[in-house]
Amino acid sequence: IENEDSQLASKGGLNAEAETIVHKDVDIVEIDVKIDTTEQIEIKATGNAKAAADTILKEDDVTFDQLYAEGVKAYDNQLWYSCATKIERAIKDYRNYKNVLSDCRLDCSKGVRSSKLSNLTSKFAEFTTYVKFLTAADCFRRCKDESLTTHPRVTEKLENAFEKRKPYMYLQFCQFKLDRVKEAASAAYTYYLSNPDDVDIKHNIVFYRDKALVKESDFLDLEIKPYKEHYIRTLLAYGNKYWKGVINHAELCLEDYWKQDERCRADCEAQGRMKGNEFSTGVADLIITIITCQLNCEETLSVVYTDPIQFFLRDMFHYLQFAYYQTNELEKSAEATATFLTFNSSHAVMKENKELLKKKLGYTNDDFIPRKEAAEYLNRKREMQDIMDFINKNYKWPDINEEVDEDEFKDTLDRMEAAEAEHPNDWITRYEKLGMHLIAKSTDLNRPERFVTDGLLKEEQCEEMLILANKLRGATQGSALFDLKLAQQQLLENPEEDFEASLRQFIRAAEVVKHYTQSYLEPESALYFKYTSIVCWSQPEDSDVLKDCYPQEDGTCITFESMSDELFSDGFTTVTYLNNVDEDGDFLFLNENKGVDSSFGVKCGRTVGFNTGDRHAITVPKKGTKRCAMVFRYTTYRSDDEKDFKDLIVLLHRVDELRMGNAQKTSKEVLQNFKERGVKIVKNGEDLKGKERFVADGMASDEQCETLRNVALSLSLLGDGYGHLVSKPSFISPHTEHERYQGITVYRATKLMHQGLISPYGLKSFLELSENARLLVEKYFNLTKPLYFDYTHLVCRTAVDDSKYNRQDLSHPVHADNCNLQPDGSCTKDFPAFTQRDYSALLYLNSDFEGGEFFFAHANKSEQVSLRPKCGRLVGFNAGNFHGVKAVKSGQRCALALWFTLNPNFKELAHIQARKVLKQAEADLKTGNQHQEL
Ligand SMILES: O=C(O)CCC(=O)C(=O)O
Ligand SMILES: [Fe+2]
C-alpha cells in the first residue's frame with residue numbers, strides 16, 4: 001500500500017514545533033516580565049463593599065472575574081502565593097463557566113433539557129419561528145441559572161483576556177517567584193501558544209530552558225484539549241511505526257474532536273451582538289455572523305500549536321487507513337479510505353489505495369462506506385458553504401447609515417466625517433476604484449491645492465508617451481521640451497500611424513489628468529488647458545548652469561527670490577511622470593525658508609498637482625538617467641483654452657480621414673469577399689430580437705482557434721519570475737470566484753513574442769482574426785465612418801470546482817459595454833463606463849466546456865436569446881445592448897473579445913505597434929537576424 005510518507009512525516013511532531021520556540025539563543029540572566037496591569041485593575045469595579053464581603057464568602061461562591069482581579073492585585077503587591085492560587089482558580093472557574101454555557105446550549109438544542117415553553121405551539125406558520133426562539137431562550141436561561149450558583153460579571157474585555165490566555169502571563173511570573181520553575185515554564189508555554197509574537201514570553205521560555213534547565217518535555221500546554229494530545233501521540237506512534245498506538249490515539253482524537261466541533265459550533269451563538277432595532281435585519285445579520293463563525297471551527301480546532309494544521313481532520317483518516325492496513329484490519333482500513341475520499345475524492349494516492357483494498361477484500365465501490373459522523377460533518381459544512389456563497393452573492397448587506405441606534409450614532413457620524421475627508425467627493429472614490437490612488441492631499445502637504453496621486457497612467461501608456469518624448473527639441477540647461485507646435489509640424493511632415501496614435505494617447509492622458517484634477521480641486525468653474533508639454537530632465541553638460549537656481553518641472557531653473565510667494569487664483573499645474581527614476585530626480589515642495597516641506601520620488605503615472613504660484617523644485621537625476629513628465633498648466637478662463645491643443649486634434653482627424661479614405665471599400669464588396677471565404681451570417685437582428693446584432697460562423701479555422709487558445713494561455717505558462725514583463729495574470733475571475741480568468745492583450749502578446757515566448761505566427765493570427773472581426777462588424781452594420789479597435793482581449797474562463805456546486809451566479813453578469821446599467825433598467829453613459837465603445841464582438845474559440853452560453857438580456861437582466869459558443873463563431877452587436885455569460889460549469893471557455901470605437905482618439909495603439917514589430921520579425925526571420933530590443 002502506498003503512503004505519502006514524506007508528507008505525513010513532515011507534519012512535525014512535538015519536537016519540530018518545540019524547536020521554533022526555544023531555538024533562539026538569547027542570553028538572559030534575569031527574567032524580565034512586562035505586564036501592563038492597568039487594564040486588569042478596572043475589573044475590580046465590582047465595588048469595594050462587595051470585595052470586602054467576598055473575603056468572608058464561601059470559596060466556591062467567588063467567580064473568575066473577582067478571582068482574576070484579586071490575583072492581579074496580589075501580583076502588584078508581590079504576594080506571590082496568593083497571586084498563583086487566585087489566578088489558578090480564576091482559570092479553572094472560567095473554564096467551568098464556559099463549559100456550563102456550552103453544555104446548556106447543546107442540551108437545549110438537542111432537547112435533552114426542556115423549557116417551560118415546550119408546550120407552546122401555534123398553528124400559524126409565522127409564530128413557529130418566534131416560538132422556537134422563545135423556547136430556546138427560556139431553556140438557556142433556566143439552565144444557566146440552575147448550573148451556576150453565582151454569576152460572574154463578564155465584559156468583552158475580560159473574556160478576551162481569558163481567551164488570549166493572559167492570566168497565564170501572571171501565573172508564570174508568580175510561580176517563578178515561588179521557585180516552581182516547571183509550573184512557571186508550562187504557564188509561559190501555554191501563554192506563548194496563543195501569543196507567539198510576544199517577544200517577552202519567548203525570552204522567558206529561553207530562560208526556563210537554558211538557565212533554569214527545564215526539560216523540553218516538561219513544557220506543557222495547560223489548556224490542551226484531549227484530542228490535541230491524542231493527535232500528538234498519534235504522530236509519535238506513527239513515527240515509531242507503532243500501529244496499535246496510532247489506531248488507539250487517532251480514534252480517541254476523533255472521538256473528542258467531534259465533541260469539540262459540536263461545542264465550537266454551539267459557542268458561536270455567543271458571537272456577535274445584535275445591531276440596530278429592526279428585528280429581521282438584526283437577527284439575519286447575526287445569523288450570518290454565526291454561520292461564518294461555525295465555518296471557521298475547522299480551522300480553529302486544527303491549531304495544535306500556534307498555527308492551523310492543514311488537512312488536520314482529513315489526514316486523521318489517512319493515518320487510520322495506513323495503521324489498520326498494517327495491523328491487517330482491512331475492513332476498517334477500507335472504511336477509513338472511504339471517509340478520507342469524502343473529504344477529497346480526487347486524491348491520487350488514496351484512490352490507488354482504494355483499488356488495492358478492492359482487490360484484497362473483493363470489494364466493489366458500494367462497499368466503501370464512510371463513517372457516519374464524517375459524512376454528516378461534511379454534509380453540514382457544504383450546506384453552510386452553499387448558504388454563505390449564496391448570501392455573499394445576493395444578500396443586501398447593511399448600509400453604513402442604516403439602522404443606527406442612539407449609542408452608535410455618534411460613532412457613525414465620526415466615521416462618515418472621516419470618509420468624507422478621505423474622499424473629497426464621489427468622483428475621487430470612483431477613480432480610486434480604477435487604481436488611481438491619492439497618496440497625499442493638501443492637508444498633508446502644508447499648503448492648499450497640493451496633491452500627489454499614483455496610477456494615472458498604466459505602464460504601457462508611459463511607454464507610448466516616451467516615444468513622443470524621444471522626439472524632443474533641443475536641450476537647454478539639461479531639460480528638453482516637446483510641445484504641440486512641434487507635434488503638428490512633425491505630423492504634417494510624416495503622417496505615420498503610430499505617431500498619430502501616440503499623439504492621441506497624449507491627448508487622452510491629458511484629458512484624464514485634467515478631469516482628475518478638476519474633481520480633486522472642485523473649482524467653481526471648469527479648468528481649461530493653458531499649456532501642454534512633455535519635459536525631460538537630465539544632467540546638463542555644464543553643471544554650472546544649475547548652480548544658483550532651482551530646477552523647475554517646466555524645464556526652467558529659477559532663483560528662490562523669483563518664485564512667487566502667492567498662490568494664483570486662476571493658475572494650476574500638474575506634472576505626470578512617464579518613467580521610474582530610481583535615484584535622485586525627486587520632486588520637492590518648498591517652504592518660505594527654502595526648506596523642503598515634502599518630497600516625492602518619480603515613477604510612471606504619479607501625478608503631482610499644485611498652484612502655479614507654489615514653490616517647488618526638482619533634483620536633477622544622476623548622469624545617464626532621464627526624467628520625463630507631462631506638464632500641464634490650467635486656467636479657469638475659457639478664452640485662454642490652449643489653441644495648439646485644439647489645432648492638433650483637428651489635424652489628427654484630417655490625417656486619419658485621409659488614410660482611411662484611401663483604403664475604403666464598399667460593404668457589398670467586403671461581405672461578398674467574406675462569403676467566398678466560407679463565412680456565413682447565421683443569425684440576424686430579427687432572429688436575435690434586437691436591432692444591431694448578428695452571428696456569423698466560419699470566422700476562424702480549427703487550427704487558428706487552437707493557435708489563439710495557446711496564445712491566451714501562454715501567460716499562465718510563464719508563472720512568476722517575469723514580473724517585470726507581465727503583471728501577474730488575475731487568476732480569480734473578477735466576476736465569480738468559481739472561475740479562473742486569464743487574458744492577454746495585443747500589447748502583452750507583442751512583448752511576449754519579442755521574448756520568443758509566443759511565435760510570430762501566434763501573434764499574426766491574433767492580429768488577423770481581430771482585423772477580420774473588425775472589418776465584418778464595420779461592414780455588416782454598413783458604417784459610414786471607420787471603426788477602430790478600442791480594446792482587444794483574448795480571454796479564457798475556467799471552472800475551478802467543476803460542476804460540484806449548483807452555481808447560481810453568472811460567469812459574467814448582465815451588463816452593457818459602454819454604460820452603467822442602473823437598477824431601474826436605464827443605462828447611464830458616464831464614468832467609469834467605457835463610453836467611447838460603440839460596437840462589441842466576440843469570436844469564440846472552442847466548445848468543449850459545459851455552460852458558458854452567451855445571452856442577450858432585457859433591461860431587467862432576464863434572458864432574451866442565448867447562443868452556444870464554438871470555434872469560428874462571431875457575435876457582433878451595438879455596445880449598448882445588455883448581455884451576459886452563463887456560468888462555465890466545467891472546462892475552459894476561450895474567446896477573443898473585441899471592443900470598437902468610432903472615435904479615433906481611442907485607437908488601440910498596440911495593433912499598430914504589433915504590426916510593425918511583426919513585420920520586422922518576419923524580415924529578420926528571412927535574413928536570419930536576431931530580434932532587436934523593442
Ligand atoms: O465572453 C463573452 O461571451 C462575453 C463577455 C463580455 O460580455 C465582456 O467581456 O464584456
Ligand atoms: Fe460585454
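This is a predicted model: local features need pLDDT of at least 70, side-chain atom pairs count only at pLDDT 80 or more; totals for chains, interfaces and linings use all residues.

Biologist: What is the phi of Lys594?

Modeller: Phi of Lys594 is near 65 degrees, a positive value in a residue other than glycine. Most residues other than glycine have a negative phi.

Biologist: Why is Asp179 called exposed?

Modeller: Asp179 has 10 other C-beta atoms within 10 Å. A residue with 12 or fewer counts as exposed, so Asp179 belongs to that class. Asp179 is found in the loop between helix H9 (167-177) and helix H10 (181-194), and its phi, near 65 degrees, is positive although the residue is not glycine.

Biologist: Why does Gln326 count as partly exposed?

Modeller: Gln326 has 17 C-beta neighbours inside 10 Å. Buried requires 20 or more and exposed requires 12 or fewer, so Gln326 is placed in between, as partly exposed. Gln326 lies in helix H16 (residues 312-326).

Biologist: Which separation is found between the C-alpha atoms of Gln326 and Lys244?

Modeller: The C-alpha atoms of Gln326 and Lys244 are separated by 9.1 Å, while the two residues are 82 residues apart along the chain.

Biologist: How do you know that the length of helix H5 agrees with what it should span?

Modeller: Helix H5 (residues 64-76) has 13 residues, and at 1.5 Å a residue it should span 18 Å. The expected span uses one less than the number of residues. The end C-alpha atoms of H5 are 18 Å apart, so the two values agree.

Biologist: What makes H5 mostly covered?

Modeller: In H5, 11 of the 13 residues are buried. Among them are Phe64, Leu67, Tyr68, Val72 and Tyr75, together with Asp65 and Glu70. Just after H5, Gln78 takes a positive phi of about 55 degrees.

Biologist: What makes helix H29 mostly covered?

Modeller: Helix H29 (residues 746-754) has nine residues, and eight of them are buried. The buried residues are Val746, Tyr747, Arg748, Ala749, Thr750, Lys751, Leu752 and Met753. Just after H29, Gly756 takes a positive phi of about 80 degrees.

Biologist: Why is strand E13 described as largely enclosed by the rest of the structure?

Modeller: Strand E13 (residues 627-635) has nine residues, of which eight are buried, so the rest of the structure largely encloses it.

Biologist: How do you know that E13 is paired with strand E5?

Modeller: Two strands pair if at least two bridges are found between them. Strand E5 (residues 528-537) and E13 have nine bridges, in the antiparallel sense, and Ile534 has Met630 of E13 as its bridge partner. Strand E8 (residues 571-577) also runs antiparallel to E13, with seven bridges joining the two. Thr576 stands opposite Met630 in E13.

Biologist: What makes strands E18 and E24 edge strands?

Modeller: Strand E18 (810-815) and strand E24 (863-867) each pair on one side only. They belong to an open sheet of four strands in the order E18-E26-E23-E24, with antiparallel pairing. The twist from one strand to the next averages 25 degrees.

Biologist: Which residues surround ligand 1?

Modeller: His812, Asp817, Leu842, Phe854, His883, Val885, Ala895 and Ala897 surround ligand 1. Strands E26 and E27 (888-901) each supply at least two residues of this shell.

Biologist: How do the residues of that shell divide by type?

Modeller: The shell around ligand 1 has five nonpolar residues, two polar and one charged.

Biologist: What can be stated of the protein chain as a whole?

Modeller: The protein chain has 31 helices and 27 strands. Of its 934 residues, 33% count as buried. Among contacts between residues at least 6 apart in sequence, 74% join residues at least 24 apart.

Methods. Residues are numbered from 1 along each chain as its sequence is written. Chains are lettered from A and ligands numbered from 1 in the order in which they are written. Axes are lines fitted to C-alpha atoms, for helices over the stretch in contact, and angles run from 0 to 180 degrees between N-to-C directions. A residue is near a molecule or strand if its C-beta atom, placed from the backbone, lies within 6 Å of it. Ala, Val, Leu, Ile, Met, Phe, Trp, Tyr, Cys and Pro count as nonpolar, Asp, Glu, Lys and Arg as charged, and the others, Gly among them, as polar. Two residues are in contact if their C-beta atoms, placed from the backbone, lie within 7 Å.
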